[in-house]
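User: Hi, I have a protein open here and I'm new to this. Can you walk me through it?
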Amino acid sequence: MNKQTTKTYKKAFNRGHARIWIEGNILNSHKLTNGMRFTKERIDDDELLLSFAASFPEGIKSNKIAGTSERPIIDMTGKWLTDFFGDAEKYTCQFDEETKTITILRGGLV
């Protein structure tokens, strides 16, 4: 059975730039654990796609889930994220265990 969950978060900031911070049980419950790698793809103006795997082929840029096995953390920040968010104050994450993806919608559900 495919587990899918939707959760809305408030945009955070770090050193003046937008920040996405996702942690803990929501990641564990979708089998997204610390040490896993993920790629980021901007689908359009309002959507980011994070795709997860144990590893990716050489040459594919990826990030790693930080934290511990009990409290995994996805932490992304930077000018690119500030540009993505614009004036949106929230974002909605759609977690999909089967496809091992998180779809991030700027400004919440559209």
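Analyst: The protein has two helices and ten strands. Both kinds of element are DSSP runs, numbered from the N terminus: helices are H or I with at least four residues, strands are E with at least two. This is a predicted model, where local features need pLDDT of at least 70, side-chain atom pairs count only at pLDDT 80 or more, and totals for chains, interfaces and linings use all residues. Residues are numbered from 1 along each chain as its sequence is written, and side-chain values use heavy atoms, with hydrogens and water left out.

User: In what order do the elements run from the N terminus on?
Analyst: The order is β-β-β-α-β-β-β-β-β-α-β-β.

User: Which strands form the open sheet?
Analyst: Six strands do, in the order E1-E9-E10-E5-E4-E6, with antiparallel pairing. At the edges sit strand E1 (4–10) and strand E6 (63–64), and each pairs on one side only. Two strands pair if DSSP finds at least two bridges between them.

User: How many bridges join E9 to E10?
Analyst: Six bridges link strand E9 (residues 90–96) with strand E10 (residues 101–106), and the two run antiparallel. For example, Thr 92 has Leu 105 in E10 as its bridge partner.

User: What about Thr 103, buried or exposed?
Analyst: Thr 103 is buried, at 12% relative accessible area. Buried means under 20%, exposed over 50%, and partly exposed in between, using a 1.4 Å probe and protein chains only. Thr 103 lies in strand E10.

User: Which residues is Thr 103 in contact with?
Analyst: Leaving aside neighbours within four places in sequence, Thr 103 touches Glu 47, Leu 48, Leu 49, Thr 92, Cys 93 and Gln 94. Contact means heavy atoms within 4.5 Å.

User: Now His 30. Where is its place?
Analyst: His 30 is in the loop between helix H1 (25–28) and strand E4 (37–44). His 30 is buried, with a relative accessible area of 1%. Beyond its neighbours within four places in sequence, His 30 has contacts that include Lys 3, Phe 95 and Lys 100.

User: Switching to rings. How many aromatic pairs are there?
Analyst: The count comes to four aromatic pairs. Rings of Phe, Tyr and Trp (its six-membered ring) pair if their centres lie within 6.5 Å; planes under 30 degrees apart are stacked, over 60 edge-to-face, and the rest tilted. One of the pairs is Tyr 9 with Tyr 91, which is stacked at 5.3 Å centre to centre and 15° between the planes.

User: Why does that pair tie together parts that are 82 residues apart in sequence?
Analyst: Because Tyr 9 lies in strand E1 and Tyr 91 in strand E9. Tyr 9 is buried, at 12% relative accessible area. Tyr 91 is buried too, at 1%.

User: And Phe 84 with Phe 85, what kind of pair is that?
Analyst: Phe 84 and Phe 85 are edge-to-face: 5.5 Å centre to centre, 65° between the planes. Both are buried. Tyr 9, Phe 84, Phe 85 and Tyr 91 form one aromatic cluster.

User: Last topic, the whole protein. What is its radius of gyration?
Analyst: The protein has 13 Å, which agrees with the value near 13 Å for a compact globule of 110 residues. The radius is taken over C-alpha atoms, and the globule rule is 2.2 Å times the number of residues to the power 0.38.

User: How much of it counts as buried?
Analyst: Of the 110 residues, 37% count as buried.
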